Amino acid sequence: MAGGRFLVLGAGGLGCPALLGLVGAGARHIAIVDCDDVDATNLHRQVLYDLGDVGAPKVEAAARRLRALDPRLQVEPIPLRLDERTLSSLLAAQPADTVVLECSDQPDLKFLVHDLCGEHHLDLVIGGVQRWGGQAMAVRHGAGACFRCVFEAAPPAELAPSCAAVGVLGAAAGALGFMMAHLAVALDAAQDVAGTLVALDLRELRPQQIRPARRAGCPGCDPHAPAPVRGPLGPACATAAGAACSR
Amino acid sequence: MPNVRIPTPLRKYTQGREEVTIDGETVGSVLDGLEQSYPGIKERICDEAGKVRRFVNVFVGEDDIRFLDNLATAVKASDEISIVPAIAGG
């Protein structure tokens with residue numbers, strides 16, 4: 001572990017296993033951002049929580065659990081609803097060696113976090129999970145492909161099935177959350193993972209690793225390209241109409 | 001025939017099949033064949049103008065077709081085509 005400093009956005013299905021992975025790897029400081037309370041219907045994949053936590057703010061319940069795992073760990077619970085303004089302020093306040101883990105369930109938020117991490121020169125790992133699988137990508141702006149080199153824009157709500165409608169297998173969230181922690185620790189240690197996307201589907205039991213080339217004209221990483229167009233954040237994936245909140 | 005890996009969100013069109021083999025000499029013709037076999041799937045991959053949607057990526061083996069010839073990229077019978085959409089959930 002080099003800097004050992006991480007900012008985890010979303011303490012839900014991906015965030016919970018990612019946090020456990022970071023603590024197990026020896027993280028020294030973790031900030032956790034979420035604005036939701038623990039919900040009994042999500043306990044199958046939000047493995048930091050139990051029935052006694054239902055109704056409590058996720059960030060508080062997660063911090064309590066992580067401190068019990070490692071009393072030396074500095075944990076900073078941040079109950080915050082993320083939008084462009086709050087996120088930009090949050091990222092601007094981070095030390096330069098912070099690695100960000102984007103674990104929310106908001107498609108637009110993933111791209112916003114990606115773009116703002118580029119502006120603030122922060123490394124990040126972006127994850128997504130649905131049904132039996134998902135993906136995780138390590139991004140260091142200026143080194144290797146960025147998330148927008150691979151995906152130019154977030155899927156519109158009408159074409160992105162909601163997690164509420166199709167579900168998320170707990171084991172898929174667990175595997176991808178730990179993969180995100182692994183990639184974040186590797187970025188922290190300056191290992192050669194930037195630009196790597198790992199896709200995993202538990203029904204196939206066959207991970208797929210892709211290291212795409214940087215895309216000329218990519219608004220996410222080409223300094224000569226126009227900045228990406230950003231609109232208001234859409235709904236969270238977890239709900240059909242969804243409050244604009246990371247989960 | 002080229003093998004096409006179907007991502008989780010699109011398997012409702014393929015009756016849950018993870019991989020299908022579709023005849024075709026280019027990525028575009030394989031996607032047309034995919035639509036013939038599994039109606040409705042292509043519009044989830046390509047937009048109204050017939051271009052691959054911005055939140056979807058198509059690979060032939062490890063190669064992104066945007067760096068090749070896009071939908072005109074030639075494919076061999078031994079190739080594996082992967083359709084990789086951005087996954088939104090967390």
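Predicted model: local features only at pLDDT ≥ 70, side-chain atom pairs only at ≥ 80, totals over all residues.
**Exercise 1. Determine which residues Ala40(A) touches, leaving out residues up to four places away in sequence, and whether Ala40(A) is buried or exposed.**

Solution. Contact requires C-beta atoms, placed from the backbone, within 7 Å. By this criterion, and without residues up to four places away in sequence, Ala40(A) touches Leu51(A) and Val54(A). Residues are numbered from 1 along each chain as its sequence is written, while chains are lettered from A and ligands numbered from 1 in the order in which they are written.

Next, locate the residue: Ala40(A) lies in the loop between β2 (29–34) and α2 (58–69) of chain A. Helices (H or I, at least four residues) and strands (E, at least two) are DSSP runs, numbered from the N terminus.

Finally, count neighbours. A residue is buried if 20 or more other C-beta atoms lie within 10 Å of its own, exposed if 12 or fewer, and partly exposed in between. Ala40(A) is exposed because 12 other C-beta atoms lie within 10 Å.

**Exercise 2. Identify the residues that touch the most other members of the largest nonpolar core.**

Solution. A nonpolar core is a set of buried Ala, Val, Leu, Ile, Met, Phe, Trp, Tyr and Cys residues joined through C-beta atoms within 7 Å. The largest such core holds 100 residues, and those touching the most other members are Val8(A), Leu19(A), Ile32(A), Val125(A), Met180(A) and Ala184(A). Helix α7 (residues 170–188) of chain A gives the most to this core, with 10 residues.

Take Ala184(A) as a case: beyond its neighbours within four places in sequence, its contacts are Phe6(A), Leu22(A), Val99(A), Leu101(A) and Val125(A).

**Exercise 3. Describe the side of chain A that touches chain B.**

Solution. The contact takes 39 residues from chain A and 20 residues from chain B. On the chain A side, β5 (123–130), β6 (133–139), β7 (197–201) and β8 (208–210) each supply at least two residues. Of the elements, β5(A) gives the most, with 4 residues.

By class, the chain A side divides into 20 nonpolar, 11 polar and 8 charged residues. Here Ala, Val, Leu, Ile, Met, Phe, Trp, Tyr, Cys and Pro count as nonpolar, Asp, Glu, Lys and Arg as charged, and the others, Gly among them, as polar.

Terms used
Contact = placed C-beta atoms within 7 Å.
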